[in-house]
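Visitor: I am new to this structure. Please take me through the ligand and its surroundings, up close.

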Amino acid sequence: MNEPAVEAAGLSKVYGSGDARVVALDEVTVEFPRGQFTAIMGPSGSGKSTLMHCLAGLDRPTSGQVRLGGTELTGLADAKLTELRRDRAGFVFQAFNLLPTLTAWENIVLPLELAGRRPDQRFADAVIDGIGLRHRLGHRPSQLSGGQQQRVACARALITRPDVVFADEPTGALDSQSAADLLGFLRRSVDEFGQTVVMVTHEPTAAAYADRVLHFADGRIVEQVMA
Ligand code: ADP
C-alpha cells in the first residue's frame with residue numbers, strides 16, 4: 001500500500017471572528033507515509049496541536065480535507081468518526097491517562113476489548129517485551145513510575161496496530177532517561193512493526209528520533225528536514 005497513513009490537503013482551522021479571529025492552520029497540505037516517524041516542532045501557538053487533532057479526527061477543520069487510513073474524514077457523522085478513531089488511531093498524551101483501577105495489562109488491551117477484538121498474542125508479546133514491563137503487568141498505574149506508565153500508554157496506543165500513533169508531547173512529563181526509553185520504544189515500533197508515528201514535541205532531542213521533522217510557524221509548515 002503506497003497510500004499515506006494520513007494526509008491533509010488545504011487544511012485550515014480558524015477560531016473566532018473579527019478582532020478575535022485566529023488562523024490556527026493556514027492551508028496545510030502534508031502526507032505522512034506508512035512506517036515513518038515524523039516529529040512536528042515549532043513555537044507555542046504555531047498550530048501543532050490543532051494539526052494533530054484535525055489529522056486524528058479529534059477536531060474538525062474549517063476547510064480542507066483529511067484522509068486517515070484511506071478514509072476521508074470530512075463529512076463523517078460523529079459516531080462514524082469516533083469508530084474510525086478507535087480503529088485507526090492510537091494516542092499518547094503528555095499526561096499518561098491510564099485508568100487507575102485497571103492493571104497495566106488491562107490498560108494495554110482495553111482498546112481491543114472496546115473494539116470487541118482479541119489480542120494477537122505474538123504481537124502483544126512483542127509489544128510487552130518492547131516496553132520491558134513483563135514483570136509489572138499485574139501492577140496498577142499508581143505502582144509504576146512515570147516512565148513505566150508512559151510506556152504502558154504507548155503499548156496501549158500500539159496494540160490495535162493503528163494506521164497512526166499520534167503522540168502529543170509524550171516526553172513532556174518525563175526525566176531524560178525515561179524519555180530516552182520511551183522514544184527508543186517508539187522508534188523500534190516504526191523499525192520493527194512498521195508503525196507510523198506522528199509526534200508533537202518541543203524538544204530537539206526527542207525530534208532526533210524521527211525520520212522527518214516538520215517545523216511549524218503561524219499555522220504553516222515552514223521547513224521539512226529529513227533525518
Ligand atoms: P501549538 O500546539 O503549536 O502550541 P495550537 O494548535 O494549540 O498551537 O494553537 C494554534 C493557535 O490557535 C493559537 O493561537 C491558539 O491560541 C489558537 N487556539 C487553539 N485552540 C483554540 C480554541 N479552542 N479557541 C480559540 N483559539 C484557539
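Guide: Here is the ligand site, piece by piece. This is a predicted model, in which local features need pLDDT of at least 70 and side-chain atom pairs count only at pLDDT 80 or more, while totals for chains, interfaces and linings use all residues. Residues are numbered from 1 along each chain as its sequence is written, and side-chain values use heavy atoms, with hydrogens and water left out.

Start with the shell. Tyr15, Val22, Ala24 and Pro43 are among the residues around the ligand. So is the run Ser44, Gly45, Ser46, Gly47, Lys48, Ser49 and Thr50. By class, the shell holds four nonpolar, six polar and one charged residues. Ala, Val, Leu, Ile, Met, Phe, Trp, Tyr, Cys and Pro count as nonpolar; Asp, Glu, Lys and Arg count as charged; the others, Gly among them, count as polar.

Now the polar contacts, which are pairs of N or O atoms within 3.5 Å. Gly45 places a backbone N or O atom 2.7 Å from a ligand oxygen. Lys48 has a polar side-chain atom 2.7 Å from an oxygen atom of the ligand. For Ser49, a side-chain N or O atom lies 2.7 Å from a ligand oxygen. On its own, the ligand has 560 Å² of accessible area, and the protein covers 58% of that. Such areas come from the Shrake-Rupley method with a 1.4 Å probe.

Two elements give two or more residues to the shell: strand 2 (22-32) and helix 1 (48-55). Helix 1 gives the most, with three residues. Helices (H or I, at least four residues) and strands (E, at least two) are DSSP runs, numbered from the N terminus.

Conventions
Near = heavy atom within 4 Å. Polar contact = N/O pair within 3.5 Å; in protein donor to acceptor, adjacent residues only side chain to side chain.
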